Amino acid sequence: MQHPIVGDSWGKALARSFIKFSESWLIKSIVKPLVFILPPTLLTTLATRQGLSTSVTKYLSPDVAAFINDSAAAILLGAYIYIIIVKSIYSLIKNYSKPSRELSIKDIIAINKAFEIIVSDKYKRMSDEAKNTIKSNAICPTTTFLKITKPDQQIALLIGGIRSIFEHLDESNAHFRVGLLRITNNKPTDWVCFEPISHPPRTEPGQLSAPSSAVSTAIRKKCIVVIEDIQRELLKTSKDKRRFLAGNTQINDQGSQLCYPITHASTGKIEYVITIAGNKKSCLIEKHAELYAWILEQFSLRISLEHSLLILKEKANEHQRAA
(Lines give C-alpha, C1' and ligand atoms only; values in the text may rest on other atoms or scores of the structure.)
Protein backbone atom coordinates (compact mmCIF):
# COMPACT_ATOMS: atom_id res chain seq x y z
CA MET A 1 0.00 0.00 0.00
CA GLN A 2 1.29 3.44 -0.92
CA HIS A 3 1.63 5.68 2.12
CA PRO A 4 0.92 9.42 1.77
CA ILE A 5 4.36 10.65 2.82
CA VAL A 6 7.19 12.64 1.27
CA GLY A 7 10.85 13.14 2.10
CA ASP A 8 11.45 9.47 2.88
CA SER A 9 14.70 7.55 2.24
CA TRP A 10 16.37 4.25 3.03
CA GLY A 11 18.09 5.87 6.00
CA LYS A 12 14.81 7.12 7.43
CA ALA A 13 13.20 3.73 6.76
CA LEU A 14 16.07 2.01 8.61
CA ALA A 15 15.73 4.43 11.53
CA ARG A 16 11.97 3.83 11.58
CA SER A 17 12.54 0.06 11.71
CA PHE A 18 14.92 0.57 14.63
CA ILE A 19 12.34 2.66 16.51
CA LYS A 20 9.60 0.11 15.79
CA PHE A 21 11.85 -2.68 17.06
CA SER A 22 12.72 -0.61 20.14
CA GLU A 23 9.03 -0.23 20.96
CA SER A 24 8.45 -4.00 21.05
CA TRP A 25 7.57 -5.55 24.42
CA LEU A 26 10.90 -7.34 24.95
CA ILE A 27 13.06 -4.31 24.17
CA LYS A 28 10.81 -1.83 25.96
CA SER A 29 10.43 -3.92 29.14
CA ILE A 30 13.85 -5.53 29.51
CA VAL A 31 16.57 -4.18 27.20
CA LYS A 32 15.75 -0.47 27.55
CA PRO A 33 15.90 -0.48 31.37
CA LEU A 34 19.22 -2.34 31.18
CA VAL A 35 20.70 0.23 28.80
CA PHE A 36 19.13 3.38 30.26
CA ILE A 37 18.97 2.64 33.98
CA LEU A 38 21.36 -0.15 34.99
CA PRO A 39 24.75 1.52 34.24
CA PRO A 40 24.03 4.86 36.01
CA THR A 41 22.26 3.08 38.90
CA LEU A 42 25.21 0.75 39.44
CA LEU A 43 27.76 3.57 39.30
CA THR A 44 25.71 5.73 41.65
CA THR A 45 25.39 2.89 44.14
CA LEU A 46 29.11 2.15 44.04
CA ALA A 47 29.94 5.81 44.57
CA THR A 48 27.56 6.47 47.44
CA ARG A 49 27.18 3.32 49.52
CA GLN A 50 29.96 2.86 52.03
CA GLY A 51 31.50 -0.61 52.00
CA LEU A 52 30.06 -1.69 48.65
CA SER A 53 32.63 0.25 46.67
CA THR A 54 35.43 -1.24 48.80
CA SER A 55 34.26 -4.81 48.21
CA VAL A 56 34.04 -4.27 44.47
CA THR A 57 37.50 -2.74 44.08
CA LYS A 58 39.17 -6.15 44.30
CA TYR A 59 37.66 -6.97 40.88
CA LEU A 60 38.91 -3.74 39.29
CA SER A 61 42.31 -2.27 38.50
CA PRO A 62 43.89 -0.09 41.21
CA ASP A 63 43.39 3.11 39.19
CA VAL A 64 39.70 2.44 38.60
CA ALA A 65 39.18 1.43 42.22
CA ALA A 66 40.88 4.62 43.42
CA PHE A 67 38.77 6.73 41.10
CA ILE A 68 35.55 5.13 42.40
CA ASN A 69 36.59 5.72 46.02
CA ASP A 70 37.74 9.32 45.52
CA SER A 71 35.33 10.69 42.86
CA ALA A 72 31.79 10.13 44.01
CA ALA A 73 30.59 13.55 42.77
CA ALA A 74 32.15 13.03 39.31
CA ILE A 75 30.52 9.59 39.04
CA LEU A 76 27.09 10.99 39.96
CA LEU A 77 27.48 13.73 37.35
CA GLY A 78 28.69 11.22 34.75
CA ALA A 79 25.70 8.95 35.45
CA TYR A 80 23.33 11.89 34.90
CA ILE A 81 25.11 12.91 31.68
CA TYR A 82 25.01 9.29 30.48
CA ILE A 83 21.22 9.18 30.80
CA ILE A 84 20.88 12.48 28.93
CA ILE A 85 23.18 11.34 26.09
CA VAL A 86 21.48 7.96 25.61
CA LYS A 87 18.01 9.51 25.61
CA SER A 88 19.15 12.26 23.24
CA ILE A 89 20.58 9.73 20.77
CA TYR A 90 17.32 7.78 20.83
CA SER A 91 15.28 10.98 20.37
CA LEU A 92 17.48 12.03 17.44
CA ILE A 93 16.99 8.67 15.72
CA LYS A 94 13.24 8.85 16.34
CA ASN A 95 13.04 12.40 15.00
CA TYR A 96 15.17 11.52 11.95
CA SER A 97 12.92 8.53 11.16
CA LYS A 98 9.98 10.81 10.43
CA PRO A 99 9.36 11.83 6.76
CA SER A 100 9.57 15.56 6.01
CA ARG A 101 5.77 15.63 5.59
CA GLU A 102 3.03 13.10 6.18
CA LEU A 103 -0.72 13.22 6.67
CA SER A 104 -1.83 13.36 10.28
CA ILE A 105 -5.07 12.00 11.72
CA LYS A 106 -6.52 15.53 11.50
CA ASP A 107 -5.58 15.69 7.80
CA ILE A 108 -7.27 12.34 7.08
CA ILE A 109 -10.40 13.47 8.96
CA ALA A 110 -10.46 16.69 6.91
CA ILE A 111 -10.27 14.71 3.65
CA ASN A 112 -13.00 12.37 4.86
CA LYS A 113 -15.18 15.36 5.83
CA ALA A 114 -14.77 16.87 2.35
CA PHE A 115 -15.93 13.61 0.74
CA GLU A 116 -18.78 13.33 3.26
CA ILE A 117 -20.19 16.69 2.10
CA ILE A 118 -19.97 15.60 -1.54
CA VAL A 119 -21.53 12.18 -0.96
CA SER A 120 -24.25 13.66 1.27
CA ASP A 121 -25.40 15.87 -1.61
CA LYS A 122 -25.70 12.86 -3.93
CA TYR A 123 -27.35 10.79 -1.18
CA LYS A 124 -30.03 13.44 -0.61
CA ARG A 125 -30.77 13.72 -4.33
CA MET A 126 -31.11 9.97 -4.76
CA SER A 127 -33.13 9.59 -1.56
CA ASP A 128 -35.59 12.27 -2.69
CA GLU A 129 -35.99 10.57 -6.06
CA ALA A 130 -36.42 7.16 -4.39
CA LYS A 131 -39.15 8.65 -2.19
CA ASN A 132 -40.96 10.02 -5.25
CA THR A 133 -40.56 6.69 -7.06
CA ILE A 134 -42.18 4.77 -4.18
CA LYS A 135 -45.29 6.94 -4.53
CA SER A 136 -45.41 6.63 -8.32
CA ASN A 137 -46.99 3.79 -10.29
CA ALA A 138 -45.05 4.43 -13.50
CA ILE A 139 -41.27 4.73 -13.71
CA CYS A 140 -39.22 5.78 -16.72
CA PRO A 141 -35.63 4.52 -16.31
CA THR A 142 -34.18 7.20 -18.60
CA THR A 143 -36.00 10.04 -16.83
CA THR A 144 -34.98 8.70 -13.44
CA PHE A 145 -31.34 8.38 -14.51
CA LEU A 146 -31.30 11.95 -15.84
CA LYS A 147 -32.79 13.26 -12.61
CA ILE A 148 -30.42 11.56 -10.19
CA THR A 149 -27.21 12.17 -12.12
CA LYS A 150 -25.87 15.69 -11.71
CA PRO A 151 -22.21 15.36 -12.75
CA ASP A 152 -21.72 19.11 -13.19
CA GLN A 153 -22.93 19.71 -9.65
CA GLN A 154 -20.78 16.92 -8.20
CA ILE A 155 -17.66 18.08 -10.02
CA ALA A 156 -18.14 21.59 -8.63
CA LEU A 157 -18.42 20.14 -5.11
CA LEU A 158 -15.24 18.12 -5.66
CA ILE A 159 -13.33 21.26 -6.67
CA GLY A 160 -14.63 22.98 -3.54
CA GLY A 161 -13.45 19.98 -1.52
CA ILE A 162 -9.94 20.23 -2.98
CA ARG A 163 -9.75 23.88 -1.96
CA SER A 164 -10.84 23.09 1.59
CA ILE A 165 -8.17 20.37 1.92
CA PHE A 166 -5.31 22.55 0.67
CA GLU A 167 -6.38 25.38 2.95
CA HIS A 168 -6.36 22.89 5.81
CA LEU A 169 -2.85 21.65 4.94
CA ASP A 170 -1.43 25.15 4.44
CA GLU A 171 0.62 26.73 7.22
CA SER A 172 1.33 30.06 5.50
CA ASN A 173 -2.22 31.48 5.75
CA ALA A 174 -2.40 31.71 1.95
CA HIS A 175 -5.54 32.23 -0.10
CA PHE A 176 -6.12 29.41 -2.59
CA ARG A 177 -7.96 29.39 -5.90
CA VAL A 178 -8.82 26.02 -7.45
CA GLY A 179 -10.08 25.48 -10.98
CA LEU A 180 -10.85 22.64 -13.33
CA LEU A 181 -9.86 23.02 -16.99
CA ARG A 182 -11.48 20.99 -19.75
CA ILE A 183 -8.88 19.51 -22.09
CA THR A 184 -9.60 18.59 -25.71
CA ASN A 185 -6.86 17.14 -27.92
CA ASN A 186 -4.27 18.07 -25.28
CA LYS A 187 -5.38 21.72 -25.34
CA PRO A 188 -7.29 23.58 -22.59
CA THR A 189 -10.66 24.69 -23.95
CA ASP A 190 -12.71 26.08 -21.04
CA TRP A 191 -12.97 26.44 -17.29
CA VAL A 192 -15.50 23.86 -16.11
CA CYS A 193 -15.68 25.30 -12.59
CA PHE A 194 -13.60 27.14 -10.03
CA GLU A 195 -13.50 28.01 -6.34
CA PRO A 196 -14.07 30.48 -4.82
CA ILE A 197 -16.72 31.70 -7.22
CA SER A 198 -15.82 35.31 -6.28
CA HIS A 199 -12.29 34.86 -7.71
CA PRO A 200 -12.57 33.57 -11.29
CA PRO A 201 -9.47 32.49 -13.23
CA ARG A 202 -7.46 35.43 -14.58
CA THR A 203 -6.11 33.65 -17.65
CA GLU A 204 -8.16 32.45 -20.61
CA PRO A 205 -7.87 28.73 -21.53
CA GLY A 206 -6.50 29.61 -24.96
CA GLN A 207 -3.55 31.45 -23.44
CA LEU A 208 -2.72 28.39 -21.31
CA SER A 209 -2.06 26.41 -24.49
CA ALA A 210 1.37 28.06 -24.59
CA PRO A 211 4.12 25.42 -24.12
CA SER A 212 5.66 27.40 -21.25
CA SER A 213 2.49 27.32 -19.10
CA ALA A 214 2.18 25.03 -16.08
CA VAL A 215 -0.97 23.50 -17.60
CA SER A 216 0.77 22.58 -20.85
CA THR A 217 3.76 21.23 -18.92
CA ALA A 218 1.46 18.96 -16.88
CA ILE A 219 -0.27 17.77 -20.06
CA ARG A 220 3.01 17.16 -21.86
CA LYS A 221 4.64 15.32 -18.94
CA LYS A 222 1.37 13.67 -17.82
CA CYS A 223 2.22 14.28 -14.19
CA ILE A 224 1.81 16.80 -11.41
CA VAL A 225 3.67 20.11 -11.71
CA VAL A 226 4.41 22.22 -8.61
CA ILE A 227 5.92 25.70 -8.82
CA GLU A 228 6.94 27.10 -5.44
CA ASP A 229 7.67 30.66 -6.58
CA ILE A 230 5.96 32.00 -9.70
CA GLN A 231 8.15 35.13 -9.86
CA ARG A 232 11.33 33.07 -9.73
CA GLU A 233 9.92 30.86 -12.49
CA LEU A 234 9.20 33.92 -14.66
CA LEU A 235 12.83 35.02 -14.33
CA LYS A 236 13.96 31.99 -16.34
CA THR A 237 15.06 33.31 -19.72
CA SER A 238 14.61 30.04 -21.59
CA LYS A 239 11.00 29.27 -22.49
CA ASP A 240 11.93 25.60 -22.76
CA LYS A 241 12.77 25.56 -19.05
CA ARG A 242 10.01 27.92 -17.90
CA ARG A 243 6.87 26.26 -16.50
CA PHE A 244 4.70 29.28 -15.81
CA LEU A 245 2.90 31.72 -18.09
CA ALA A 246 2.81 35.34 -17.00
CA GLY A 247 -0.73 35.93 -18.27
CA ASN A 248 -2.23 38.61 -16.03
CA THR A 249 0.32 38.09 -13.27
CA GLN A 250 1.65 41.42 -12.01
CA ILE A 251 5.30 42.07 -11.15
CA ASN A 252 4.49 42.32 -7.43
CA ASP A 253 2.27 39.21 -7.32
CA GLN A 254 3.62 36.42 -5.16
CA GLY A 255 2.44 32.83 -5.10
CA SER A 256 2.72 29.16 -5.92
CA GLN A 257 1.08 27.06 -8.63
CA LEU A 258 0.08 23.42 -8.99
CA CYS A 259 -1.35 21.56 -12.00
CA TYR A 260 -2.56 17.96 -11.96
CA PRO A 261 -3.75 16.18 -15.16
CA ILE A 262 -6.66 13.72 -15.09
CA THR A 263 -6.64 10.88 -17.62
CA HIS A 264 -9.96 9.13 -18.23
CA ALA A 265 -9.89 5.35 -18.58
CA SER A 266 -12.46 5.16 -21.40
CA THR A 267 -10.52 7.46 -23.74
CA GLY A 268 -6.97 7.10 -22.42
CA LYS A 269 -6.63 10.85 -22.85
CA ILE A 270 -6.22 13.76 -20.46
CA GLU A 271 -9.72 15.16 -20.06
CA TYR A 272 -9.12 17.69 -17.27
CA VAL A 273 -6.38 19.55 -15.44
CA ILE A 274 -6.83 20.61 -11.83
CA THR A 275 -5.16 23.96 -11.16
CA ILE A 276 -4.36 25.27 -7.67
CA ALA A 277 -2.96 28.76 -7.10
CA GLY A 278 -1.86 30.15 -3.74
CA ASN A 279 -1.10 33.82 -3.22
CA LYS A 280 2.03 33.29 -1.11
CA LYS A 281 5.47 32.09 -2.14
CA SER A 282 6.15 28.48 -1.07
CA CYS A 283 2.59 27.87 0.11
CA LEU A 284 2.92 24.88 -2.26
CA ILE A 285 6.24 23.03 -1.95
CA GLU A 286 7.75 21.16 -4.89
CA LYS A 287 9.32 18.41 -2.78
CA HIS A 288 5.82 17.65 -1.44
CA ALA A 289 4.52 16.92 -4.95
CA GLU A 290 4.15 13.20 -4.21
CA LEU A 291 1.93 13.94 -1.22
CA TYR A 292 -0.19 16.42 -3.22
CA ALA A 293 -0.53 13.85 -6.00
CA TRP A 294 -1.79 11.23 -3.53
CA ILE A 295 -4.48 13.62 -2.26
CA LEU A 296 -5.52 14.76 -5.74
CA GLU A 297 -5.67 11.16 -6.95
CA GLN A 298 -8.54 10.59 -4.52
CA PHE A 299 -10.43 13.49 -6.07
CA SER A 300 -9.45 12.76 -9.67
CA LEU A 301 -10.94 9.27 -9.41
CA ARG A 302 -14.28 10.78 -8.42
CA ILE A 303 -14.05 13.47 -11.11
CA SER A 304 -13.42 10.70 -13.66
CA LEU A 305 -16.50 8.89 -12.33
CA GLU A 306 -18.61 12.02 -12.81
CA HIS A 307 -17.13 12.46 -16.29
CA SER A 308 -18.30 8.94 -17.14
CA LEU A 309 -21.79 9.84 -15.90
CA LEU A 310 -21.62 13.01 -17.99
CA ILE A 311 -20.91 10.93 -21.11
CA LEU A 312 -23.74 8.51 -20.27
CA LYS A 313 -26.12 11.36 -19.54
CA GLU A 314 -25.37 13.02 -22.89
CA LYS A 315 -26.05 9.72 -24.69
CA ALA A 316 -29.26 9.23 -22.72
CA ASN A 317 -30.39 12.73 -23.66
CA GLU A 318 -29.66 12.02 -27.33
CA HIS A 319 -31.62 8.77 -27.15
CA GLN A 320 -34.57 10.51 -25.46
CA ARG A 321 -34.64 13.27 -28.10
CA ALA A 322 -34.47 10.71 -30.91
CA ALA A 323 -37.38 8.79 -29.37
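Hi everyone, let me start in a loop: Asn-186 sits between β3 and β4. Before going on, some housekeeping. This is a predicted model, where local features need pLDDT of at least 70 and side-chain atom pairs count only at pLDDT 80 or more, while totals for chains, interfaces and linings use all residues. Residues are numbered from 1 along each chain as its sequence is written, and side-chain values use heavy atoms, with hydrogens and water left out.

Back to that loop. Asn-186 has a positive phi of about 65° although it is not a glycine. Asn-185 lies in the loop between β3 and β4 too, and has a positive phi of about 55°, again without being a glycine. As a reminder, most residues other than glycine have a negative phi, and most peptide bonds are trans. How open are these two? Asn-185 is exposed, with a relative accessible area of 63%, and Asn-186 is partly exposed at 47%. The cut-offs are under 20% relative accessible area for buried, over 50% for exposed, and partly exposed in between, using a 1.4 Å probe and protein chains only.

On the peptide-bond side, the bond from Glu-195 to Pro-196 is cis, with omega near -5°. Pro-196 belongs to the loop between β4 and α10.

The buried ones are Ala-214, Val-215, Ser-216, Thr-217, Ala-218 and Ile-219. What covers them? The cover includes β3 (176-184), β4 (187-195), β5 (225-227), β6 (256-263) and β7 (270-278).

Let me zoom in on Ser-216, in helix α10. Ser-216 counts as buried at 10% relative accessibility. Setting aside neighbours within four places in sequence, Ser-216 is in contact with Leu-208, Ser-209, Ala-210 and Pro-211, where contact means heavy atoms within 4.5 Å. The side chain of Ser-216 also reaches the backbone oxygen of Ala-210 at 2.9 Å. For that kind of polar contact, the rule is a pair of N or O atoms within 3.5 Å; within protein, one must be able to donate a hydrogen and the other to accept it, and residues adjacent in sequence count only if both atoms are side-chain atoms.

Now to α7. This helix (residues 105-135) has 31 residues and reaches 44 Å from its first C-alpha to its last, close to the 45 Å expected at 1.5 Å a residue. That expected span is 1.5 Å times one less than the number of residues. Among the buried residues of α7 are Asp-107, Phe-115, Lys-122, Arg-125 and Glu-129.

How many aromatic pairs does a search of the whole structure find? There are two. The rule takes rings of Phe, Tyr and Trp (its six-membered ring) with centres within 6.5 Å, and calls planes under 30 degrees apart stacked, over 60 edge-to-face and the rest tilted. The rings of Phe-115 and Phe-299 have centres 4.6 Å apart and planes at 35°, so this pair is tilted. Phe-115 lies in α7 and Phe-299 in α12 (residues 289-322), so the pair ties together parts that are 184 residues apart in sequence. Both of these phenylalanines are buried.

The other pair is Phe-166 with Tyr-292: with centres 5.5 Å apart and planes at 45°, it is tilted. Phe-166 is in α9 (residues 151-169) and Tyr-292 in α12, so parts 126 residues apart in sequence are tied together. Phe-166 is buried at 2% relative accessibility, and Tyr-292 is buried at 6%.

Arg-302 lies over the face of Phe-115, at 4.0 Å from the ring centre, and Arg-182 over the face of Tyr-272, at 5.3 Å. The test asks for NZ of Lys or CZ of Arg within 6 Å of the ring centre and within 35 degrees of the ring normal.

Last, the cysteines. With a disulfide defined as a pair of cysteine sulfur atoms within 2.5 Å, the count comes to zero. Cys-259 is buried at 0% relative accessibility, whereas Cys-223 is partly exposed at 33%.

Note on methods: Helix = DSSP H or I, 4+ residues; strand = E, 2+ residues; numbered from the N terminus.
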